[in-house]
Each structure stands twice: as structure tokens, then as C-alpha cells.
Amino acid sequence: MIQEKNYAIGLDLGGTKILAALIDEQGRIVHKTTCPTLAAEGQEAVIGRILSSVEIVLTEGGISTTSVRGVGIATAGVIDTKANKVLYANNLGWEHVAIGQIVSERFGLPVQLINDANAAAVAEWVFGAGKGTDNVIYVTVSTGVGAGFISDARLITGKGDSAGEFGHISIDPDGPPCACGNRGCLENYVSGPALAKIARTRLAAGEKSAFLSQYPPEQITAKEIGEGVMQGDPLCKDIHLRASRDLGAGITSLIHLFNPELIVVGGGVMTTGDYLFAETEKIVRERAISRMAEQVRLVRSSLGGEAGVLGAAGLFLQRNRQSASALPQL
């Protein structure tokens, strides 16, 4: 009797956490596990956590590898999908890491890498807010900033599978240097670590925040800033307001470049209340060419933090015929 391969594993490798999930053909999560990435502990330690996460979802999901079609790995940075290698990932401190080969050899399964924003774009398009549309942009604002593009029902990955480095467009040519080599990158103004750094800098300069003052400076993250916004803290609101202007300007450029019908905005920073999203949309409506702005809807992610694993697993499940022709060939 031939064992039906009705499942795939999606793994979202982020700078803050690793999320792994066992997913069935309908896009339902059977079991998932998460752990901190702790990239500062080094490459081997992170790889160990990746392998452990895959083992956990298989064991606790009650599924053997004979029922699994493959493992999709969504990760930030520059990747080589043919070699299944991370060429460069600033948030992990990785260069030329053949993570696909490592996972494949450990579990005896096919493995496919995909940029994390591309994975989330596929997930939202097939399973989430973008279902039924042909021109979708997914924007993620988290530890890093990225984007995935569905144009005329096809995923755009570029020559080297690196399209979508939205966080590394420059919004200030004379701005601070970025690790990517550019200056004034969007990621340095609106990502989670950037917001935390801005808050700490402003507090150190003498600005006051009744809400943030209850935390030691090193414990302030985008989460605390978002909570401060919901509490009406003026400094936290101003930090989000400034971030919304920068993010809105960047999204306006995406609209002018791609003429999408839908932009889905997700990522951990965007889950910290409604203020940042609302102000970002306001900027977009004010700045985008009116005719193009009228054609596009901005919505929040319907899949939240699970978009990356769903899209990565979707590389093997490909239940949606329309998406199957648009996804990278395995």
C-alpha cells in the first residue's frame, strides 16, 4: 500500500523566532511549534533549533516523514533557491549557509527555500486576504522589512530570487549607513528594532514617556511602544506617527511601480494596535497618484504570523491550480 503524502512542513526562519508547522492539503495547521532564534549564539545553534523544530512538529503531530511531501523554509535575506542556500541574511548573521541541504539530509525530505515575504505573499494570495485577486503586494514590517509581489497571477522573484527587498529602498540618501551597504534604508526607520532604538535614543536625550519609563531601556521593544500607543502615550504615538509617514511613502512608491489591486500589510510591528496601520493608509491616500490610489485596497494580514509557514508549505501542497503555475518550480 502506497502511503499518501498529504502534508508539508512550513518553517519561518526569522531574526527573532523560528516557527515550524505541519500543514495539510487544505492549508490547515495540524501542529506548530515556536522558539527564539537567538542568532547571537551562532549559526550552529540556530541550525540545531531548526532541526529540533521540524522534529517536534512531526512527533507531536503524529506524522511520519512518509506522509510529508517536503519542507518549505521561508527566510529573510538573499537566497539561492536552486542551491537551497542562504547567501546573506543580516538578521541571522549568515553568509553561504546551505540550510536546505542540511534539513534534507537530516529528514530525507525535499526542501525548498523561499524569501519570507514571498512566502507570505503566496499564503495571503492562496489562502488569505488576497484570494481571488491577480495583483497583490504583501508588505511585512517586523524584525526586518520586506515585500512579496504577485503580478498578473504570478509570483515575481527576480533574477536571483531576491526581489522584494523593500526594506532596503532608501528614503534618505544622506541617512545613516545600513548593513546592506546603502544609506537611509526604510528598514532603519520602521522595523521593530529601529523603533526600539529610536525610543531609547529619544529617552536618553531627555524626552519623557510615562509609559516607557516603567521599563529599563534595554527592555523596550516595538511591542512596548505599541502598547504605549494604545495607552495614549504621546512619545509612543509620535514614534508611530513618524514611522507611518516613512512606511506610507514607501508603499506609495510600490503603488506607482506595480499598480496593484490589493496591498496586504503584516508582520509583528503591524500587530501592535491600529494606529500605525491607519496613519500609514492615510499617508498613502494623500500621496499616491489619485487614479492609482483609487484602484488599490490596503488591508491587514488575515493570516498573521502564520503566513510565512503556510506559504512555504504551499510550495509543496499547491492545492490552488492558479497558484501552482505561479510558484517556483520544485
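Colleague: What makes the lining of the second largest cavity nonpolar, polar or charged in this predicted model?

Modeller: Its residues divide into six nonpolar, two polar and no charged. The lining consists of N135, V136, I137, F149, I150, S151, F258 and P260. Val, Ile, Phe and Pro count as nonpolar, whereas Asp, Glu, Lys and Arg would count as charged.

Colleague: Which elements give two or more residues to that lining?

Modeller: Those are β9 (136-141) and β10 (145-151). With three residues, β10 gives the most.

Colleague: And how much space lies in the second largest cavity, and how do you know that it belongs in the count?

Modeller: About 40 Å³. The count takes cavities of 30 Å³ or more, and it comes to two.

Colleague: What does the pair tie together?

Modeller: F149 lies in strand β10 and F258 in helix α7 (residues 234-258), so parts 109 residues apart in sequence are tied together.

Colleague: Why is F149 called buried?

Modeller: Its relative accessible area is 6%, and buried means under 20%, so F149 qualifies.

Colleague: Then what makes F258 partly exposed?

Modeller: F258 has 31% relative accessibility. Buried means under 20% and exposed over 50%, so a value in between counts as partly exposed.

Note on methods. Residues numbered from 1 in each chain as written. Predicted model: local features only at pLDDT ≥ 70, side-chain atom pairs only at ≥ 80, totals over all residues. Heavy atoms only, no water. 1 Å grid on protein atoms, 1.4 Å probe; cavity = no way out; pocket = protein on both sides within 12 Å on 5 of 7 lines; lining within 4 Å. Points joined across faces, edges and corners; volume = space filled by probe spheres on them. Helix = DSSP H or I, 4+ residues; strand = E, 2+ residues; numbered from the N terminus. Buried < 20%, exposed > 50% of the residue type's maximum accessible area, 1.4 Å probe, protein only.
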